[in-house]
Amino acid sequence: MRTITTDVLVIGGGATGLGVLRDMALRGIRAALVEKGDLTHGTSGRYHGLLHSGGRYVVKDKQSATECAHENEILRKIMPHCLEDTGGFFVVTPADDEGYVPRFLAGCSETGVPVNQISVREALRREPLLNPRISHVFEVRDGAADSFLAAHSNAEDAIRHGAQVLTYHVVKAIERDGDRVAGAVCEDMRTGEEVRFHTSYIVNAAGAWAGKIAELAGVQVTVVPGKGTMIAMNHRVLNTVVNRCKPPADGDIIVPIRTVAVIGTTDVHVPDPDVFGIEAWEVERMLHEGEQLVPGISKARVLRAWAGVRPLYKDQDAADDRDIPRTYKLLDHEARDGVKGFISIVGGKWTTYRMMAQEATDAVAAKLGNSAPCRTHLEPLPVPPGTEKPAGGSRDLFWLGKPLATVEADNSYGDLICECELVTRDRVIGAITTAKASNIDDIRRDTRLGMGPCQGGFCTYRAVALWNEFKRASGAPLPEPEQASAALLRHFLQERWKGITVISWGDQLRQARLDEIIFLDTLGVDLLPQPAPAGQNDSTMVTAHPAIATEYHTD
């Protein structure tokens, strides 16, 4: 069994885990991170992309509001290339109680959330599709975030400072020496090889899976998996994040993210973060509630539905999941459970990931005798190699025309692999060769390939061809071309199909039928040879594994 010795092992490759890893590395602490899927495979890659102003929590969860307002400003400074400054509105619709407005404004003042009331006329000038019957509009510092790019930026900076990142490594056991955690055993899902980590401390940053990791260490952490379902509309109907000015509820926000608009979210308890469904009623509710903000939006084309599982930490009774605070909690299991060398960081929001990571790193650094100060709020994050080139410089915020400006600057019209999202050949190759993607879905997270209207209909086979071309050129052991192509195609098409089944009507149903004609009737994907089980003859490709097979069941 291969052995890796490190000071700290971080479990979880979402925003918080990568934030911890980067903070550790910048302080000179030897650290490694393991993630059972790709980076952001879990909740960090399955949310609506909101950079929180804090406005949603100013009445019901004041601590979270203050944390979001503070971190919002820091993230704008350290990762502008991952953010779009859309701004945000809180609006009172005819269906909302105007009595909430004084409480909202008082909460903003108390928590330090910047807010400015503007006229309805001005709001409609900026966003003509907004409900003209709104009565109040409040402007806040909301934005849109690319969580995939932010994750890779954190990972890149951590690696530059000596850290290790091991994706597709699932934790099988946590080893203890008496009352102290001494290490962990992981399985490399690409090869089946087991890897033992010897470490002084383990940081459990597994999000919705933190309870499962804690069980392996012999302690209990109560994480309530709260499923949130979202839908992406074909058009970016708004350029500003728009929230309803009322207590948080289902379908009360629309987030413009890249070329689409996302309506979210539901909040439904699920017993297991690995097994959950997207239900028809959730989609219907998103569309119905979206009508309150943008009349007619329910008649527009829906691209897909998806869900993420919130890692809600429950240390007190709550009537339902929305009553559980969105703030985070650091659990020192030595003080709490008598187990040394193990801490958990749970709860929180994507916007507060850096703050969460700083607190976790402060705790571990103190135990290790490391007095180096945190620098993550000061040091800008790098743009990872192989990602979209920053038009205008890496210190500029993202803007809607940036991908097209990059294509025009490079004169790369003829190199587009995904026309919907303007993904070029060079970016796909970068994801394969530099970012070490293990399947086409990993390339999607790196480049947004397949996330447009065709949902992979025209770009999937092109990406698979590039995969075979460049993986073979690298000398990596691969199955026969037909087997590799079949596995990659089936896996990615199935991943895309999961989000289409529940919204299959109108134009998107026609698109799904066209995709079926392309891949089944024309290319005969279902007739290609079945691949060998993952891990037998392929050390670079992961297309199926029970540890990451989130199941979707739809009505």
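Asp85 is partly exposed, with a relative accessible area of 41%; the classes used here are buried for under 20% relative accessible area, exposed for over 50% and partly exposed in between, with a 1.4 Å probe and protein chains only. Arg76, by contrast, is buried at 12%. The side chains of these residues, Asp85 and Arg76, meet in a salt bridge with an N to O distance of 3.0 Å. A salt bridge is defined as a side-chain nitrogen of Lys or Arg within 4 Å of a carboxyl oxygen of Asp or Glu.

The structure is a predicted model, in which local features need pLDDT of at least 70 and side-chain atom pairs count only at pLDDT 80 or more, while totals for chains, interfaces and linings use all residues. Residues are numbered from 1 along each chain as its sequence is written, and side-chain values use heavy atoms, with hydrogens and water left out.

Under the rule for salt bridges, the count comes to 42. One of them joins Asp267 to Arg310, whose closest N and O atoms are 3.4 Å apart. Asp267 lies in the loop between E16 and strand E17 (268-269) and Arg310 in strand E18, so the pair ties together parts that are 43 residues apart in sequence. Both Asp267 and Arg310 are buried. Helices (H or I, at least four residues) and strands (E, at least two) are DSSP runs, numbered from the N terminus.

A further salt bridge is formed by the side chains of Lys367 and Asp332, at 3.0 Å from N to O. This pair links distant parts of the chain, with Lys367 in helix H9 (residues 353-368) and Asp332 in strand E19 (residues 328-332), 35 residues apart. Lys367 is partly exposed, at 30% relative accessibility, and Asp332 is likewise partly exposed, at 25%.

Rolling a probe the size of a water molecule over the atoms shows where empty space is left. On a 1 Å grid over the protein atoms alone, a cavity is a set of points where a 1.4 Å probe fits but cannot get out, whereas a pocket is an open set with protein on both sides within 12 Å along at least five of seven lines; lining residues have an atom within 4 Å of a point. Grid points are joined across faces, edges and corners, and a volume is the space filled by probe spheres set on the points.

The structure holds 5 cavities of 30 Å³ or more, and the largest cavity contains about 580 Å³ of space. It is lined by 38 residues, of which Gly45, Phe148, Trp306, Arg444 and Met451 are the closest to its centre. Strand E18 (302-313) is among the elements that each supply at least two residues of this lining, and its 4 residues are the largest share. The lining of the largest cavity comprises 17 nonpolar, 9 polar and 12 charged residues; Ala, Val, Leu, Ile, Met, Phe, Trp, Tyr, Cys and Pro count as nonpolar, Asp, Glu, Lys and Arg as charged, and the others, Gly among them, as polar.

The second largest pocket has a volume of about 470 Å³. Of its 23 lining residues, His152, Ile159, Thr434, Ala435 and Lys436 lie nearest its centre. Helix H5 (147-160) is one of the elements supplying at least two residues of this lining, and H5 gives the largest share, 4 residues.
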